[in-house]
Amino acid sequence: MKVLVIQTAFVGDVVLSTPLFEAARTRLRADRVGAVVRPETANLLRNNPHIDDIFAYDKKGGQKGPLELLRLAGKLRGASYDTAVIPHRSFRSALLGYLADVPVRVGFDRSAGKLLLTGRVPYRPVHEVERNLSLFASWGVDTDGIRPALYPDDEDRQRADSLIRESDLASSDKICGVSPGSVWATKRWPTDRYAELIRLLVEEHGYRAVLFGSAGDRPLCTRIATESGVDPLNAAGRLTLLQSAALAARCSVFVSNDTGMSHVAAAMDVPVVAVFGPTVPAFGFTPHGEGHQVVETTMNCRPCSAHGGNRCPIGTHDCMRSIAVERVIEAVAIQRGEPETPVAG
């Protein structure tokens, strides 16, 4: 059996899809396992022992358009995959499997291209990891115990360690990772809250802080670092995704919006405090595993969309603005097993 997994969504989606590769290799006993992902997420899958082939599909850039889709389909056809597992629910993902002449194409019944699938699995209200693994149900294999996993190598760890040394951090320091960015503006907890969080963690709770993010997040992280007044390490834009995973593994706890780095940190067994605003845990995208916490506020307007958006539909952004810094500090303390600090009022 040759199994192809098509997941051309964002960083977090790819991390939460990594159990599919392990399931294909160890439970289905696939002879060959391939992945189709966006170029910006391909690094996440490097060194994965369950993956043989990684096909980068730049669907928003250089490979945009039907001709490039056909070219990729031809390349996949030549690889002779007999099974495609398609957690991504876009029409284009289903079409790619169809055009590649993969005989068995399994995806969700909510896929925009469900008519192009040979097998459709109910999209259930469970965690995304369990939901994705349900795509193997028709084979009757046991997928229990498989969790997201990333595989930084020695070079990735050395790069992370070099940043730590540059910033006068020590391996014995209590480090809090902070990821304040998001593709969706409404998913971002306000800048001033992150700055105050970092200041309090450093000055009152004995932490050192490290800011994580892409090159696009660097201006945001620079602003937060400046406003905090405590000179945190700003690693945004300086690392690959696997190097970021290696650096996250050095953290005692990780604070993030509902975004990809929360899943990267969780995959590295770091306790995560996730700040949720326009989205809700019921969607199934909380950090996977035990011991993580979500900080949120109950509001009638939540959720406002499946992904968040670039602006609040009612113009207040209260789902994020109403979350006080003290609540996140408390969640960090709970994750670390530290005594809780009473919150005034």
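## Helix 3 against helix 4

Helix 3 (residues 66-79) and helix 4 (residues 91-99) have axes that come within 8 Å and cross at roughly 50 degrees. Helix 3 is therefore oblique to helix 4; angles under 35 degrees count as roughly parallel, over 145 as roughly antiparallel, 65 to 115 as roughly perpendicular, and the rest as oblique. Axes here are lines fitted to C-alpha atoms, for helices over the stretch in contact, with angles running from 0 to 180 degrees between N-to-C directions. Helices (H or I, at least four residues) and strands (E, at least two) are DSSP runs, numbered from the N terminus.

Helix 3 contributes Leu 69, Leu 70, Leu 72, Ala 73, Leu 76 and Arg 77 to the contact, and helix 4 contributes Arg 92, Leu 95, Leu 96 and Leu 99; contact means heavy atoms within 4.5 Å. By class, this contact of helix 3 with helix 4 has 8 nonpolar, no polar and 2 charged residues. Ala, Val, Leu, Ile, Met, Phe, Trp, Tyr, Cys and Pro count as nonpolar, Asp, Glu, Lys and Arg as charged, and the others, Gly among them, as polar.

## Basis of the model

The model is predicted: local features need pLDDT of at least 70 and side-chain atom pairs count only at pLDDT 80 or more, while totals for chains, interfaces and linings use all residues. Residues are numbered from 1 along each chain as its sequence is written, and side-chain values use heavy atoms, with hydrogens and water left out.

Asp 156, Arg 157, Arg 159, Ala 160, Leu 163 and Ile 164 of helix 6 meet Leu 242, Gln 243, Ala 246 and Leu 247 of helix 9. The residues of this contact divide into 6 nonpolar, 1 polar and 3 charged.

Gln 243 lies in helix 9 and is buried, with a relative accessible area of 15%. Buried means under 20% relative accessible area, exposed over 50%, and partly exposed in between (1.4 Å probe, protein chains only). Not counting residues up to four places away in sequence, Gln 243 touches Asp 156, Arg 159, Ala 160 and Arg 238.

## A covered helix

Helix 10 (residues 260-267) is mostly covered, with 8 of its 8 residues buried. Its cover includes helix 1 (11-26), strand 7 (175-179), helix 9 (241-248), strand 10 (253-257) and strand 11 (272-275). Just after helix 10, Asp 269 takes a positive phi of about 65 degrees.

## Salt bridges

The count comes to 17 salt bridges, each a side-chain nitrogen of Lys or Arg within 4 Å of a carboxyl oxygen of Asp or Glu. One of them joins Glu 40 and Arg 38 at 2.9 Å, N to O. Glu 40 is partly exposed at 43% relative accessibility, whereas Arg 38 is buried at 11%.

Asp 153 and Arg 46 also meet in a salt bridge (3.0 Å, N to O). This pair links distant parts of the chain, 107 residues apart: Asp 153 is in the loop between helix 5 (128-133) and helix 6 (154-166), and Arg 46 is in the loop between helix 2 (39-42) and strand 3 (53-56). Arg 46, Asp 153 and Asp 156 are linked in a network of salt bridges.
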